[in-house]
Amino acid sequence: MLRAATSDLEALLGCPGALENAAGQPPLRPTKLFLGGLSKTTTTKQLRRHFAKYGRVLDCISMRRPDGRPRCFGYVTLDSSAAAERCLAEQQFIDGRIVDMKLAVPGRAGDEVPAEPAAERGPPEPPTEKTTTQNAAAAGLDLAAAA
């Protein structure tokens with residue numbers, strides 16, 4: 001999958017083989033994978049140990065909420081795209097569960113900055129006549145006809 005994307009990029013650049021090293025191998029390029037469907041008991045240490053058999057693990061985390069509860073997903077960054085390809089080619093079984101793996105997508109909305117908890121936001125602003133009219137219009141209601 002990554003090899004095909006590399007070939008496409010090389011063709012687009014007009015430089016076949018430009019993204020390979022002198023030995024004809026793809027260069028070492030860190031690749032981050034998303035891990036979904038983790039068990040509530042899966043730890044970062046377990047993930048690191050599991051993925052070490054595919055290559056050098058540069059970073060890895062089993063995501064948790066601020067209160068410590070598991071979010072049942074995580075990320076692993078491997079030292080090369082080849083190591084990531086090997087992982088993606090096999091079904092991964094971690095901590096008693098089959099894990100859904102994908103290439104991580106950088107910069108998606110909501111990934112970088114967690115939503116502010118409702119307790120910190122405070123109560124919502126009370127509706128004004130203007131917002132009530134706008135909401136009614138958006139819903140297809142005519143408040144003037146109703147009066």
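In the predicted model, helix 2 spans residues 44–51, and its residues L47, H50 and F51 are buried. Viewed down the helix axis, the buried residues of helix 2 fall within an arc of 85 degrees, so they line one face. K45 and R49 are exposed and sit on the face of helix 2 turned away from the buried side. The packing partners of the buried residues include strand 1 (31–36), strand 2 (57–64) and strand 3 (70–78). Helix 3 (81–89), strand 4 (92–94) and strand 5 (97–103) are also contacted by these buried residues.

The five strands form an open sheet in the order 2-3-1-5-4, with antiparallel pairing. Strand 2 and strand 4 are the edge strands, each pairing on one side only. From one strand to the next, the twist averages 30 degrees. Strand 1 and strand 5 run antiparallel and are joined by four bridges. Across this pair, F34 stands opposite K102 of strand 5.

Two helices pack on the sheet. Helix 2 touches strand 1, strand 2, strand 3, strand 4 and strand 5. The direction of helix 2 makes about 145 degrees with that of strand 2. Helix 3 touches strand 1, strand 3, strand 4 and strand 5. The direction of helix 3 makes about 25 degrees with that of strand 1.

Cysteines were also examined. A search of the whole structure finds zero disulfides. C60 counts as buried because its relative accessibility is 6%, under the 20% cut-off. C87 is likewise buried, at 0% relative accessibility.

How values were computed. Residues are numbered from 1 along each chain as its sequence is written. This is a predicted model: local features need pLDDT of at least 70, side-chain atom pairs count only at pLDDT 80 or more; totals for chains, interfaces and linings use all residues. Side-chain values use heavy atoms; hydrogens and water are left out. Buried means under 20% relative accessible area, exposed over 50%, partly exposed in between (1.4 Å probe, protein chains only). The arc is that of the directions from the helix axis to the C-beta atoms. Contact means heavy atoms within 4.5 Å. A disulfide is a pair of cysteine sulfur atoms within 2.5 Å. Two strands pair if DSSP finds at least two bridges between them. Axes are lines fitted to C-alpha atoms, for helices over the stretch in contact, and angles run from 0 to 180 degrees between N-to-C directions.
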